[in-house]
Amino acid sequence: MKTIIESQEGRLGILLPGLGAVATTMITGVLASRKGIGLPIGSYTQTGSIRLGKRTENRNPRIKDFVPLAAMDEIVFGGWDIFEDNAYEAASNAGVIDQQLLDKLQPELSVILPMKAVFDKKFVHNLDGKNVKSAPTKMDLAEALIADMKDFKEKNHCSRLVMVWCASTETYLEVSDVHQSLEAFEDGLRTNHPQIAPSMIYAYAAIKSGVPFANGAPNLSCDFPAMVELAKLTKTPIGGKDFKTGQTLMKTIIAPGLKARNLGVNGWFSTNILGNRDGEVLDDPESFKTKEVSKLGSLDSIFEPELNPDLYRNIYHKIRINYYPPRGDNKESWDNIDIFGWLGYKMQIKINFLCRDSILAAPIVLDLALLLDLAKRAGMSGIQEWLSFFFKSPQAAPGLEPQHDLFRQLMKLENTLRYLQGENLITHLGLDYYEED
Ligand SMILES: NC(=O)c1ccc[n+]([C@@H]2O[C@H](COP(=O)([O-])OP(=O)(O)OC[C@H]3O[C@@H](n4cnc5c(N)ncnc54)[C@H](O)[C@@H]3O)[C@@H](O)[C@H]2O)c1
């Protein structure tokens with residue numbers, strides 16, 4: 001049976017805390033696609049397709065034709081940043097997109113002005129900016145963000161909003177008492193609790209307003225019980241954490257293959273150089289710690305050493321990120337994987353990925369915004385595990401281990417869309433052979 005989904009008619013406002021490299025690369029890509037001067041490559045919703053029914057039926061619609069998503073022409077962008085640069089200036093500074101293309105889009109980009117940010121240097125040591133709100137309490141700051149959203153929605157004639165955190169990685173925080181319930185958290189907002197970071201204030205403001213929220217960085221933001229409680233209360237879909245790009249994307253492609261072939265692994269060393277502002281922020285050990293924790297989880301979850309002790313019990317997994325300005329946004333990563341096969345004979349795999357961080361992240365921001373908006377219109381709320389495909393450290397329901405294997409994540413994503421549209425789920429089990437062919 002088809003799920004009832006509210007219409008996608010009307011404008012969708014995509015609100016981005018952090019108008020840096022990732023956010024402006026995404027905005028530029030959407031504007032370029034609209035004008036027919038760029039292709040949204042890497043976007044699941046714009047270029048992906050989905051198989052429906054039996055293979056013999058030959059039904060493979062594009063995702064954007066299969067589920068009712070907001071059209072690219074109906075998107076409006078807004079955001080907050082601690083710097084006053086408009087999106088044209090910020091994109092030029094980020095140095096990801098050719099200046100020639102940015103110049104063609106200057107009229108549209110330069111009218112996107114950052115609203116004043118909620119910021120606290122205690123949580124991002126390496127940055128300083130003036131475009132920042134001040135208010136006596138963290139609750140006042142949340143209310144100011146709620147007012148910003150309301151204002152933006154009215155001025156831009158939007159029928160709906162979504163928020164995707166694209167701001168810098170904050171210092172490492174663990175879930176503590178103030179995060180355990182909505183009551184404790186709201187009390188903490190009123191009393192300026194030191195364990196409430198700016199990203200949590202944005203998340204609270206969005207979820208409180210019923211605006212779907214995704215977290216593209218590894219900091220907690222909405223990944224704690226109080227936010228999940230609020231999301232259920234306001235019927236708001238949420239998801240996080242940390243866009244799955246670059247080295248972790250490679251890891252979650254390669255590791256399931258090694259596991260599928262029952263090849264053992266005893267070491268995985270990953271190192272990176274990157275020179276953008278994100279790299280500068282991650283140069284601070286406390287921000288790096290947040291990133292490191294987010295990146296480390298994937299291998300254990302894929303290899304399941306407790307089920308396969310002979311193959312994966314002793315994996316030495318090490319991750320390094322080095323700030324190296326000459327490369328800008330063009331990250332280079334190296335992986336050395338020590339594996340073993342038949343009779344324990346050792347082998348090695350080397351991966352050298354010369355990637356472009358924001359080019360890989362931008363389509364994920366768009367996909368998350370469109371799919372969270374779909375989820376909201378389909379009446380889905382709380383943690384959207386079917387969107388784990390897009391995250392490095394997927395947020396999972398309490399008591400559940402997150403799923404990291406990219407292929408299982410894709411199956412879950414596709415089956416959720418099939419379910420929403422009342423199509424048969426496809427499991428790719430052997431049994432399908434008899435039913436499908
Ligand atoms: N590029 C990738 O491949 C990738 C992958 C996964 C996660 N991420 C995460 O996405 C985020 C953005 O990455 P980026 O390369 O665009 O970084 P960036 O440094 O270019 O942009 C971040 C922007 O956020 C702003 N900012 C910081 N704190 C803020 C606050 N409290 N409110 C509003 N604005 C604030 C900064 O001024 C900056 O302009 C980072 O947290 C990064 O770790 C990026």
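This is a predicted model: local features need pLDDT of at least 70, side-chain atom pairs count only at pLDDT 80 or more; totals for chains, interfaces and linings use all residues.
Of the 36 residues around the ligand, the ones that come nearest are G18, G20, V22, A217 and R277.

## Around the ligand

Which elements supply at least two residues each to the shell around the ligand? They are α1 (21-35), β2 (75-81), α12 (277-282) and α15 (357-377). The largest share comes from α15, with four residues. Sorted by class, the shell holds 21 nonpolar, ten polar and five charged residues.

| Helix pair | Angle | Distance between axes | Crossing |
|---|---|---|---|
| α7 and α9 | about 50° | 9 Å | right-handed |
| α11 and α13 | about 15° | 10 Å | right-handed |

Let us take the pairs in turn. On the α1 side the contact is made by A21, V22, A23, T25, M26, G29 and V30, and on the α15 side by S358, I359, A361, A362, V365 and L366. By class, this contact has ten nonpolar residues, three polar ones and no charged ones.

The next pair joins helix α7 (residues 138-155) to α9, with an angle of about 50° between them. The two helices are therefore oblique to each other. From α7 come K138, L141, A142, L145, I146 and M149, which meet I201, Y202, Y204, A205 and K208 of α9. Here the classes are nine nonpolar, no polar and two charged residues.

The last pair is helix α11 (residues 246-260) with helix α13 (residues 285-303), where the angle is about 15°. These two are therefore roughly parallel to each other. In α11 the residues T248, K251, T252, A255, P256 and K259 take part, and they meet K295, S298, L299, I302 and F303 in α13. This contact divides into five nonpolar, three polar and three charged residues.

## A closer look at α9

Why is helix α9 described as largely enclosed by the rest of the structure? Eleven of its eleven residues, 198-208, are buried, so the helix is largely enclosed. The buried residues include P198, M200 and I207, and also the charged-class K208. K208 is part of the contact with α7 as well. After the helix comes G210, with a positive phi near 75°.

Most residues other than glycine have a negative phi, and most peptide bonds are trans.

N58 is not a glycine, yet its phi is positive, about 55°. The residue sits in the loop between α2 (44-47) and α3 (63-66). Is N58 buried or exposed? N58 counts as exposed, because it has 9 C-beta neighbours inside 10 Å.

S221 also has a positive phi without being a glycine, in this case near 50°. Its place is the loop between β5 (213-215) and α10 (225-233). S221 has 29 C-beta neighbours inside 10 Å and therefore counts as buried.

The peptide bond from G240 to K241 is cis, with omega near -10°. K241 lies in the loop between β6 (237-239) and α11, and α11 is the helix that packs with α13.

## A loop residue and its contacts

Our tour ends at A396, in the loop between β11 (382-383) and α16 (406-420). A396 has 15 C-beta neighbours inside 10 Å, so it counts as partly exposed. Which residues does A396 touch, leaving aside those up to four places away in sequence? They are I383, E385, E401 and P402. With E385, the separation is eleven residues in sequence and 6.1 Å in space, C-alpha to C-alpha.

Methods. Residues are numbered from 1 along each chain as its sequence is written. A residue is buried if 20 or more other C-beta atoms lie within 10 Å of its own, exposed if 12 or fewer, and partly exposed in between; C-beta atoms are placed from the backbone. Two residues are in contact if their C-beta atoms, placed from the backbone, lie within 7 Å. Axes are lines fitted to C-alpha atoms, for helices over the stretch in contact, and angles run from 0 to 180 degrees between N-to-C directions. Angles under 35 degrees count as roughly parallel, over 145 as roughly antiparallel, 65 to 115 as roughly perpendicular and the rest as oblique. A crossing is left-handed if the near helix is turned anticlockwise from the far one by less than a right angle, and right-handed if clockwise. A residue is near a molecule or strand if its C-beta atom, placed from the backbone, lies within 6 Å of it.
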